[in-house]
Amino acid sequence: YMRRASGYYNLKQFDKTIADYSAVIRQFPNHPVAQDVLLPLQDALSLAGRASEFETYMTQFKRANPDNKGLEVIEFETAKNAFFDQQYPTAVITFNTFINTYPQSARLQEARYYVAESYYRMKDFSKALPVYEELSQDKNFNMGSRVVGRLAEIQFQQGDYPAAVTSFHRLERLATNKTEQYNAWTGLMESFFLLSQYDSSDVYARIILERGGVDAGGQNKASLYLGKSAFARGDFEGAQDEFLNTLNSAQDEYGAEAKYKLAEIFYLQKQYKKSYETLVSLTEDFAAYESWVGQAYLLMADNFVAMDQLFQARATLQSLVDNFPSQSVKDAAAARLREIDRAEAEKKSMLEADTLQTDTVDTNR
């Protein structure tokens with residue numbers, strides 16, 4: 001059975017391979033070779049797309065050999081296969097079973113890492129975070145930079161920016177490649193920006209620009225953040241220069257945001273026609289970026305209101321409510337329409353009150 005299964009494996013006849021290896025488990029579970037077939041059986045099942053069946057054969061073997069302590073590697077590989085097959089709930093269970101069964105294993109930290117990664121892939125960050133935190137304390141763990149990177153990412157997503165800064169600084173020190181180094185710098189740039197520590201944000205934006213991101217998108221993002229920092233400080237002239245720098249090379253989402261921010265500067269400076277023209281250009285040049293196109297149309301309507309062109313404002317907003325694919329943009333447009341209605345009603349009420357007061361004065365005379 002063993003030799004024939006090996007022959008079938010070399011011929012890539014995996015169903016026949018599985019049949020022979022499983023025959024050994026069923027018919028000779030106490031024979032010394034029964035344990036030897038487990039790993040090749042697992043491999044053949046995986047190649048045949050039947051990896052989930054392995055647990056059945058493993059259970060049969062363990063039932064026949066309850067005192068066998070030599071299954072550590074096999075059980076670890078079984079759990080890893082579940083993880084790489086994207087069966088994350090199963091991976092969590094099998095790795096936790098492994099951790100409880102082999103508490104002295106040299107693979108214990110790696111097993112915990114895969115538990116955390118499984119929770120991360122399931123977006124269950126509240127369960128992933130404490131496992132990553134525990135692993136990050138082990139200075140000898142060979143995937144330490146990955147752990148710290150995940151830790152920083154989750155902290156950032158949860159809005160804990162001070163903790164994220166600490167973790168991104170650690171990643172900066174531990175980075176083993178250019179991608180991890182860039183992730184640390186961009187994480188620090190964004191975290192400091194969200195903490196309103198704009199000088200520190202600028203430091204890391206310039207590091208990315210000077211020392212290189214992993215791609216052009218990274219450089220575009222750094223250039224954009226220099227503009228956003230200047231904008232947040234109220235330095236519209238400096239912000240305008242940086243946004244134009246971004247637009248010189250960025251035809252991506254960062255370019256779309258840079259053009260929107262330029263239009264916003266013009267709007268705040270009451271250059272409504274220039275703001276409107278910039279927004280029209282955005283909808284043409286960056287039509288693929290739905291979110292920024294939606295924001296552009298909303299700001300167009302604000303420009304129309306500021307220019308007292310309420311008919312155009314209403315038409316723009318109603319078109320968004322009726323046709324735009326994003327519900328958040330539809331809701332924002334509907335809210336702006338209600339604001340226009342309310343402002344017009346208040347204006348009408350004030351005019352009527354003024355007229356009534358004038359009539360009353362005239363009557364008294």
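Me: Why is Tyr 161 called partly exposed?
Reply: Tyr 161 has a relative accessibility of 21%. Buried means under 20% relative accessible area, exposed over 50%, and partly exposed in between, with a 1.4 Å probe and protein chains only, so Tyr 161 counts as partly exposed. The model is predicted: local features need pLDDT of at least 70, side-chain atom pairs count only at pLDDT 80 or more, and totals for chains, interfaces and linings use all residues. Residues are numbered from 1 along each chain as its sequence is written, and side-chain values use heavy atoms, with hydrogens and water left out.

Me: What makes the pair of Phe 156 and Tyr 161 edge-to-face?
Reply: The structure holds 21 aromatic pairs. In the pair of Phe 156 and Tyr 161, the ring centres are 5.4 Å apart and the planes stand at 65°. Rings of Phe, Tyr and Trp (its six-membered ring) pair if their centres lie within 6.5 Å; planes under 30 degrees apart count as stacked, over 60 as edge-to-face and the rest as tilted. The pair is therefore edge-to-face.

Me: Why is Ala 44 called buried?
Reply: The relative accessibility of Ala 44 is 0%, and therefore Ala 44 counts as buried.

Me: Which residues is Ala 44 in contact with, leaving aside its neighbours within four places in sequence?
Reply: They are Phe 14, Thr 17 and Ile 18, where contact means heavy atoms within 4.5 Å.

Me: Where does the charged end of Lys 261 sit?
Reply: The charged end of Lys 261 sits over the ring of Phe 231, 4.0 Å from its centre. A charge sits over a ring if NZ of Lys or CZ of Arg is within 6 Å of the ring centre and within 35 degrees of the ring normal. The charged end of Lys 228 likewise sits over the ring of Tyr 225, 4.4 Å from its centre.
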